[in-house]
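Reader: I've got this model open on my screen and would like to talk it through. Could you take my questions one at a time?

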Amino acid sequence: MPTTVDPDTRDRIVDVADELFYARGIQSVGMDEIRTGAGVSLKKLYAAFPGKDQLVTAVLSGRHDLWERGVRGAVDAATTPRDKLLAVYDFLEDWFGDASFRGCGFINAFGEVGATSPEVAEIARAHKASFQRYVADLAATVVADRDAAETLAAQLALLAEGAQTTAAISGETTPAANARSAAAVLVDVATDAGRVAADGRRVAAPPRSSRPAVDRTDDP
């Protein structure tokens, strides 16, 4: 009779694997170490995940969900459309301050095994594309022209990606603040470019507000 694995056990395996992969890398962590950390037999581990590739996929799926909850939580806590765009960087600053932070898990996985695992490469690309689409939807609330909003989103996403890599290498949170400052300039330029009345006169920009508090419960 096939070994069955209950959802709680499966989740525990994924959580242990996520922690180990993120801290030390995918290739340096063996299935036996994951089995020990999760407190399950090898038989049960392989019943849940027949191979390491399936486990890596599950870990990245969970990390994607965690990232989305964290970013959306920060954005939802902001009030104005401009502040919602900039809240992404507030979330990053809080995440960078976490003792366990060591960069973007998707960039790490892609750099480590993306060349030999088309599935991991595709998961990483899909994750990044999903984030950029989300930022594009936010940008569309401040820039009426969809093409301009998508261009702005691509620029803001690059700032976020660069901040993650720089913070991982430097061990500092300042890349998030620097990215936020640059993002604010891009948002204001894009907004000002579209803020022209029918008679050609520019309309005064709304006042800038300070960053909202961000809940770090869902840091990825």
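Predicted model: local features only at pLDDT ≥ 70, side-chain atom pairs only at ≥ 80, totals over all residues.

Reader: How much helix and strand is there over residues 30–49, and how far apart are the end C-alpha atoms?
Author: Helices here are DSSP runs of H or I with at least four residues, strands are runs of E with at least two, and both are numbered from the N terminus. On that basis, residues 30–49 are 75% helix and 0% strand. The end C-alpha atoms of that stretch are apart by 13 Å.

Reader: Which annotation covers residues 30–49?
Author: This one comes from an unreviewed UniProt entry. UniProt positions are given in the numbering used here, feature names are shortened, and annotations may be inferred rather than shown by experiment.

Reader: How many helices does the protein have?
Author: From the N terminus on, the elements run α-α-α-α-α-α-α-α-α. There are zero strands, and the helices come to nine.

Reader: Why do the buried residues of H2 line one face of the helix?
Author: Buried means under 20% relative accessible area, exposed means over 50%, and partly exposed is in between (1.4 Å probe, protein chains only). In H2, residues 31–38, the buried ones are Met31, Ile34 and Ala38. Seen down the axis, they line one face because their directions from the helix axis to the C-beta atoms fall within an arc of 60 degrees.

Reader: Which helices do those buried residues of H2 pack against?
Author: Contact means heavy atoms within 4.5 Å. The buried residues of H2 pack against H1, H3 (42–48) and H4 (52–77).

Reader: Is Arg35 buried, exposed or partly exposed, and which residues does Arg35 touch?
Author: Arg35 is found in H2 and is partly exposed, with a relative accessible area of 25%. Its C-alpha is 6.4 Å from that of Leu45, ten residues apart in sequence. Not counting residues up to four places away in sequence, Arg35 touches Val40, Ser41, Leu42 and Leu45.

Reader: Which side chain does Asp90 join in a polar contact?
Author: A polar contact is a pair of N or O atoms within 3.5 Å; within protein, one must be able to donate a hydrogen and the other to accept it, and residues adjacent in sequence count only if both atoms are side-chain atoms. Asp90 sits in H5, residues 81–96, and is buried, with a relative accessible area of 0%. At 2.7 Å, the side chain joined to Asp90 is that of Arg180.

Reader: What polar contact joins Arg82 and Asp188?
Author: Arg82 is also placed in H5. At 14% relative accessibility, Arg82 counts as buried. The polar contact between the side chains of Arg82 and Asp188 is 2.8 Å.

Methods. Residues numbered from 1 in each chain as written. Heavy atoms only, no water.
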